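This report goes through a ligand shell, a pair of packed helices and some backbone details. The sequence and the model come before the description.

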Amino acid sequence: MSTKSPVPRYSWNGPVDHTIPVDKSKIKGKSVIITGGANGMGEVAARRFIIDGAFVTVGDMDVKRGEALEAELKGRLKFVKCNIKSWEDQVALFDAATGEGRGVDVVIANAGISRSSDPSGPPTKPDLNIVETNVNGTFYTFKLATHYFRKQPMDRDRSFMMTGSLTAWIDSPGNWEYTASKYALRGLMRTVRCSSWEQGIRINFIGPNYIKSAIRTPEYEKYLMDLGVRFGEAEDVASCMERLAADQSINGHSLMIVPRAVAKEGYMDVQDDDHVDGKREYFAGEQAIQLNIIKDQWLDGVPTQIYKR
Ligand SMILES: NC(=O)c1ccc[n+]([C@@H]2O[C@H](COP(=O)([O-])OP(=O)(O)OC[C@H]3O[C@@H](n4cnc5c(N)ncnc54)[C@H](O)[C@@H]3O)[C@@H](O)[C@H]2O)c1
């Protein structure tokens, strides 16, 4: 059995062609973990993966919804009560998902929360629940995903993706912790894509903007619609996730969810994670140097560089 990675070294080779349909034959039989899959876009994606023949394990705090889903989709979806802020909960999630000889092919770190920041009043210790959930929780998911991926044969595709946000590109005043948390996930993708390919692991970022879900109150959603906000479709988030799961040629990309008036598939490549437009020569040069001098590899037996003893 080959131990050579089927994923090439990361380099920019143009945007993902979003007009290529998902190869559903690649979804059939996959084992997929989705955090935050009991509601919203995670649930829509879970249902789609199941329709296309995958087995889905959902880790979510919403026990009522999770158990209802498991009962409805008996034998095709397993629900595990899991708060992604808890390392132990996530270990149990991965244990349950990979049990019965199933292993794991696709991990979707999707759970996340949002809230406006409040700068009024006297200084009080900020509530960093958003950071703990969106950043720490996703880092735990990533750590466990890479562990389980690496236990499997190299010829089994290994796809990790995160639900970030378009706020990792556009300013979103009054939402500091949330915006910073999604930038952090984009940062994770940017650094990991340069070495995870050695382990056959693909990492990609999904950037929805406005999608109807329980993340906002119905009143706030109506307010936004009255202001003319164009919402993307949760169904298109599911298509984007399936594309990232099925297409082994995609590594190190950010795909944004857009209204169908912008792209009829509802998603497209952000095309802003590489300094290739000829406009930012300094960044391009520094990037080239960085990739040349940092020799850290993600291979067994290759020592990482030490900054300070
Ligand atoms: N809805 C949008 O407009 C929008 C836009 C950009 C990004 N996003 C991102 O999409 C992802 C999914 O959001 P959604 O809109 O479907 O929201 P949602 O509230 O409908 O669903 C989120 C799910 O995550 C679960 N969850 C929350 N905290 C959790 C935790 N600590 N541990 C485990 N599960 C937890 C919830 O119980 C829920 O089932 C989030 O990461 C969110 O930041 C949403």
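## Ligand shell and helix packing

Helix α1 contributes the most to the shell around the ligand, giving 3 residues. The model is a predicted one. Two helices, α1 (40-51) and α4 (129-150), each provide at least two residues of that shell. In total, 30 residues surround the ligand, and the closest are G36, N39, G40, G112 and S213. Sorted by class, the shell consists of 12 nonpolar, 15 polar and 3 charged residues.

Helix α4, which supplies residues to the ligand shell, also packs against helix α3 (residues 87-98). The angle between α3 and α4 is about 35°, and their axes lie 10 Å apart. The crossing of α3 past α4 is right-handed. On the α3 side the contact is made by W87, Q90, V91, F94 and T98, which meet Y140, T141, L144 and Y148 of α4. This contact of α3 with α4 has 6 nonpolar and 3 polar residues, and no charged residues.

Most residues other than glycine have a negative phi. E100 is not a glycine, yet its phi is positive, at about 55°. Q271, also a residue other than glycine, has a positive phi near 60°. The table sets out where each of them is found and its phi.

| Residue | Loop | Phi |
|---|---|---|
| E100 | between α3 and β4 (106-109) | about 55° |

Is E100 buried or exposed? E100 is exposed, because 10 other C-beta atoms lie within 10 Å, and the limit for an exposed residue is 12 or fewer. Q271 has 16 C-beta neighbours inside 10 Å and therefore counts as partly exposed; a buried residue would need 20 or more.

Helix α8 has 13 residues and spans 18 Å from its first C-alpha to its last. That reach is close to the 18 Å expected at 1.5 Å a residue. How many of the 13 residues of α8 are buried? The count is 0, and α8 is hardly covered.

Technical notes: Residues numbered from 1 in each chain as written. Predicted model: local features only at pLDDT ≥ 70, side-chain atom pairs only at ≥ 80, totals over all residues. Near = placed C-beta within 6 Å. Helix = DSSP H or I, 4+ residues; strand = E, 2+ residues; numbered from the N terminus. Nonpolar A, V, L, I, M, F, W, Y, C, P; charged D, E, K, R; others polar. Axes fitted to C-alpha atoms, helices over the stretch in contact; angles between N-to-C directions. Left-handed = near helix turned anticlockwise from the far one by under 90°. Contact = placed C-beta atoms within 7 Å. Expected span 1.5 Å × (residues − 1).
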